Amino acid sequence: MKLCIIGSGYVGLVSGACFAEVGHHVICVDNDARKVEMLRAGGIPIYEPGLEEIVKRNVASGRLEFTTSTEEGVDGSEIVFIAVPTPPQADGSVDLSYIEKVAREIAGVLKEYRVIVDKSTVPVKTGEKVADTIRRYNKAGADFDVVSNPEFLREGCAVPDLMNPDRVVIGGNSERAIALMRRVYEPFMAPVIVTDINSAELIKHAANSFLALKISYINAVAQVCEASGADVEKVADGIGSDKRIGRNFLNAGIGYGGSCFPKDIAAFIAISDQLGVPFNLLKEVQRINRTQRDRFLAKIREALWVLKDKKIAVWGITFKPDTDDVRTSVAVDVINDLLKEGAHVTAYDPKGMEKAVEFKLIDGAKLASSPLEAAQGAEALIVATEWKEFDSVDLAELKAAMHTPLIFDGRNLLDPERVRGFGFTYLSVGRS
Ligand code: UDX
């Protein structure tokens, strides 16, 4: 099929590349001419395992093209996906101006029937507004349908998530559009859930909020574990082995971050408020998430007494492993909290250092070129992101490198017994 994807950011680029990989012809449209040039030349603006090979292979085969022209994309495709940013506003609600602008742009060049698909994460009822806007701005009076098709990609495993989805959600009110959408996803051989547009939009916010709720739930349990001497990992194994609950997303730590959970939960709260049904449970999810970081810092303060002028190593800057994404990262917040209190921080991250420097996120911290270099002379080490690389550091060398063998593991990455066996004082989250 011929597909157009407007917006070559995270979602748009991964979706475009994977659609091309299964045999569709894809035109990706982006208004950033430099990005388009880079992608045409085989460059990838984000780090995502497996993406570069897929983009290169499909550009070479001619199935994946990049352009700055919306008209070219809309003219040459049966289906037009909108995958532009939906950033948060100060009150938690979503800034839908990029979506509105793209809807007007599509309307300006729409000459014959197209399915317009909203792939960006948007609040319920956005599809109705997109349809109204296209109708109002399309002088040709062309026929079209709007569909909601949310994505459930996790950063760091977006390619396998897209190639092997648990489910595909298609929200639409027209059989013609739904039939075309089914054909797009046929090669993926995944269960397809067809709903109305509003339900599909809600599924995305409700799914992310539920996952965040699971994390805050186990973090609240971790607090009780700390107060009672129980072990949160054993509790998580015990409750997670109930198939109705599941073990995934029951890992306690210093809280969730990233470009999705914090934003989507705030947006779900905001739209629920607007609809007159305040979602107070999710406000508690947010509160627990903030508490985890505060409690962790309190633990560090208690052990080190004064943070001013203390030499502290931090392993991890990204919001989770296997990504270079440092936006809304709890690790970044922890580093800045330590800097604010006058500590001397040396950080290391396998993939996130370049972007942390580019966006000036941890100004004042030094960067090291390896985990051991970061730990050199440190009076404490903080594990802020659970990169596998950190678990394979030689603990004897680490102890020799540090001034004081003290580890605060904010992600419960290391094995407490093993670490203590090397003579470290080791504190983690909710583990006795
Ligand atoms: C999430 C959703 O998983 C995905 O379906 C959606 O499309 C986008 O948002 P992502 O933001 O890439 O994906 O990261 P995810 O792996 O879900 O982790 C989010 C945050 O939760 C990370 O900061 C992670 O460290 C934290 N987390 C996750 C925990 O603290 N504990 C857990 O058990 C799981």
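This is a predicted model: local features need pLDDT of at least 70, side-chain atom pairs count only at pLDDT 80 or more; totals for chains, interfaces and linings use all residues.

**Cysteines, then the ligand**

I began with Cys 225, which counts as buried because its relative accessible area is 4%, under the 20% cut-off.

Next I checked Cys 18. At 0% relative accessibility, Cys 18 is buried as well. I then searched the whole structure for disulfides and got zero.

On to the ligand. Which residues come nearest to it? I count 20 residues around the ligand, and the nearest are Leu 153, Glu 155, Asn 251, Gly 257 and Lys 320. By class, I get nine nonpolar, seven charged and four polar residues in that shell.

I also asked where the shell comes from. Helix H9 (residues 197-228) gives the largest share, three residues. Both domain 1 (2-195) and domain 2 (196-432) contribute to the shell, so the ligand lies between them.

A polar backbone atom of Leu 153 is 2.8 Å from one oxygen atom of the ligand. Phe 319 has a backbone N or O atom 3.0 Å from an oxygen atom of the ligand. Last entry, on surface: the ligand taken alone exposes 670 Å², and the protein buries 93% of that.

Key: Residues are numbered from 1 along each chain as its sequence is written. Side-chain values use heavy atoms; hydrogens and water are left out. A residue is near a molecule or strand if one of its heavy atoms lies within 4 Å of it. A polar contact is a pair of N or O atoms within 3.5 Å; within protein, one must be able to donate a hydrogen and the other to accept it, and residues adjacent in sequence count only if both atoms are side-chain atoms. Accessible areas come from the Shrake-Rupley method with a 1.4 Å probe; for residues, only the protein chains shown count as cover. Helices (H or I, at least four residues) and strands (E, at least two) are DSSP runs, numbered from the N terminus. Ala, Val, Leu, Ile, Met, Phe, Trp, Tyr, Cys and Pro count as nonpolar, Asp, Glu, Lys and Arg as charged, and the others, Gly among them, as polar. Domain bounds come from an automatic or database domain assignment. A disulfide is a pair of cysteine sulfur atoms within 2.5 Å. Buried means under 20% relative accessible area, exposed over 50%, partly exposed in between (1.4 Å probe, protein chains only).
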